[in-house]
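Below is a short briefing on one protein chain, to be read with its sequence and 3D structure side by side. The points are grouped by topic.

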Amino acid sequence: MSEQKSVKELPACPVETTLALIGDKWKVLILRDLLPGTKRFGELKKSIGSVSQKVLTAQLRDMEENGLVSRKVYAEVPPRVEYSLTDLGKSLKPILDALWNWGEEYKASVQHHSF
């Protein structure tokens with residue numbers, strides 16, 4: 001039996017489904033930082049910033065269970081673990097690009113207006 005959520009467990013609304021998978025702040029930043037390519041845990045933690053090791057580990061595990069991230073462990077001492085996006089994870093690029101573009105437009109608009 002698969003660990004992934006069955007279709008019956010996912011929300012009926014596609015937007016809600018997407019948010020359930022990547023709606024967490026850290027997950028979006030993990031996606032952003034893995035889009036260019038594979039990273040080790042320490043590299044991810046450093047690039048994301050203030051996330052704790054415990055939270056980052058939990059987020060990566062959840063994303064792995066949902067098929068967005070793949071984890072490769074090398075039999076070395078100390079062990080080396082690398083994370084990369086699956087094809088499904090890479091398919092989120094247009095969503096991240098849209099978030100980037102909207103954020104850029106928002107920052108530009110608030111510099112010219114006071115609310």
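Trp102 and Tyr106 lie 4 residues apart in helix α6 (residues 93–112), which means that about one helical turn separates them. Helices here are DSSP runs of H or I with at least four residues, strands are runs of E with at least two, and both are numbered from the N terminus. The model is a predicted one: local features need pLDDT of at least 70, side-chain atom pairs count only at pLDDT 80 or more, and totals for chains, interfaces and linings use all residues. Residues are numbered from 1 along each chain as its sequence is written, and side-chain values use heavy atoms, with hydrogens and water left out.

- Trp102 counts as exposed because its relative accessibility is 57%, where exposed means over 50% relative accessible area, buried under 20% and partly exposed in between (1.4 Å probe, protein chains only).
- Tyr106, at 39% relative accessibility, counts as partly exposed.

**Helix α2**

- Helix α2 covers residues 25–34, and Leu34 belongs to it.
- Of the 10 residues in α2, 7 are buried, so the helix is mostly covered.
- The buried residues of α2 are Trp26, Lys27, Leu29, Ile30, Leu31, Asp33 and Leu34.
- Setting aside neighbours within four places in sequence, Trp26 is in contact (heavy atoms within 4.5 Å) with Ile48, Ser50, Val51, Val55 and Gln59.
- Between Trp26 and Val55 there are 29 residues of sequence separation, while their C-alpha atoms are 8.4 Å apart.
- Leu34 is buried, since its relative accessible area is 2%.
- Leu34 touches Lys39, Leu44, Val69, Tyr83, Ser84 and Leu85, with residues up to four places away in sequence not counted.
- Leu34 and Ser84 are 50 residues apart in sequence, but 6.0 Å apart from C-alpha to C-alpha.

**Helix α4**

- Helix α4 (residues 53–65) has 13 residues and spans 18 Å from its first C-alpha to its last, close to the 18 Å expected at 1.5 Å a residue; the expected span is 1.5 Å times one less than the number of residues.
- Leu56, Gln59, Leu60 and Met63 are buried in α4.
- Viewed down the axis of α4, the buried residues fall within an arc of 100° (taken from the directions from the helix axis to the C-beta atoms), so they line one face of the helix.
- These buried residues of α4 pack against α2, α3 (41–48), β2 and β3.
- On the face of α4 turned away from the buried side are the exposed residues Lys54 and Arg61.
- Gly67 follows α4 and has a positive phi, near 80°.

**The sheet**

- An open sheet is formed by 3 strands in the order β1-β3-β2, with antiparallel pairing (two strands pair if DSSP finds at least two bridges between them).
- β1 (39–40) and β2 stand at the edges with a single partner strand each, so one side of each has no neighbour in the sheet.
- β2 (residues 69–74) pairs with β3 in the antiparallel sense over 6 bridges, and a hairpin joins β2 to β3 through 5 residues.
- Ser70 stands opposite Ser84 in β3.
- β1 and β3 pair in the antiparallel sense over 2 bridges, and the bridge partner of Arg40 in β3 is Glu82.

**Glu82 in strand β3**

- Glu82 is part of strand β3 (residues 80–85).
- With 18% relative accessibility, Glu82 counts as buried.
- The side chains of Glu82 and Arg80 make a polar contact at 3.0 Å; such a contact is a pair of N or O atoms within 3.5 Å, and within protein one must be able to donate a hydrogen and the other to accept it, while residues adjacent in sequence count only if both atoms are side-chain atoms.
- Apart from neighbours within four places in sequence, Glu82 is in contact with Thr38, Lys39, Arg40, Ser70, Arg71, Lys72 and Tyr74.
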